[in-house]
Amino acid sequence: MDFKVSEIINHPLEQVFAVYRDEMVSLVPYMPNVDGIEVVERQDMDGEVKLVNRWKVSGSIPRAVRPFFSDDMLSYLDHAHWLEAARTVSWFFELNALGDAVDCRGINYFKPGPNPGTTELILTGALKVDLGKVRGVPRLLRGLAPRVESFVLERVKPNLSGVASAVERYLN
């Protein structure tokens, strides 16, 4: 299932791009569903940066049931390849808890916004769920993957917008 989210951030393109790439850890206090971000690996090359960040999320999980979730279930790796000249980042998520049952990847575009000193962020991607690769799911229910994808995307989209909002509040 493909998705696209567009956000306007009221700060200049170069500043927004740099914060997204280099200061994501500093945005955690501005994101209620994120408990932490850790830079696992960073490679700086001429005009490119490759990053692997570990995200820990649990803000949306009721406190009473959090003890039943392992760290693997509440974290994922975000692999990102930043291209300075194109002002893009291609990314994919590695979900520890579900292995290769979920494939989520995309490209984000940073462009000058509609007004001077603003940035348009266009987040594009695709989410694919293969319930046949999830242990314990009966064969009969595997056809529900599109509904699961839809359900997951409805929860992911606000988080994608939330990062843009966090960048704006951080820069303010």
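Contact here means heavy atoms within 4.5 Å. Axes are lines fitted to C-alpha atoms, for helices over the stretch in contact, and angles between N-to-C directions run from 0 to 180 degrees. Helices (H or I, at least four residues) and strands (E, at least two) are DSSP runs, numbered from the N terminus. With these terms, α1 lies across β1, β2, β3 (48–57), β4, β5, β6 and β7 (119–129), and runs at about 155 degrees to β6.

The model is a predicted one, in which local features need pLDDT of at least 70 and side-chain atom pairs count only at pLDDT 80 or more, while totals for chains, interfaces and linings use all residues. Residues are numbered from 1 along each chain as its sequence is written, and side-chain values use heavy atoms, with hydrogens and water left out.

The predictor's confidence in each residue is given as pLDDT, from 0 to 100. Its mean over the chain is 84, and 73% of the residues reach 70 or more. Where pLDDT is low, the predicted coordinates should not be read in detail.

Two strands are said to pair if DSSP finds at least two bridges between them. Seven strands form an open sheet with antiparallel pairing, in the order β1-β7-β6-β5-β4-β3-β2. Its edge strands, β1 (2–9) and β2 (34–45), each pair on one side only. On average, neighbouring strands of this sheet are turned by 20 degrees against each other, direction ignored.

Strand β4 (residues 75–83) pairs with β5 in the antiparallel sense over eight bridges, and L77 has E94 in β5 as its bridge partner. These two strands form a hairpin with four residues between them, and R87 in the turn has a positive phi of about 55 degrees. Strand β6 (residues 102–112) also pairs with β5 in the antiparallel sense, over six bridges; there, R105 is the bridge partner of F92.

Is T88 buried or exposed? T88 counts as buried because its relative accessibility is 11%, buried being under 20% relative accessible area, exposed over 50% and partly exposed in between (1.4 Å probe, protein chains only). Leaving aside neighbours within four places in sequence, T88 is in contact with F17, H81, W82, L83, I107, N108 and Y109.
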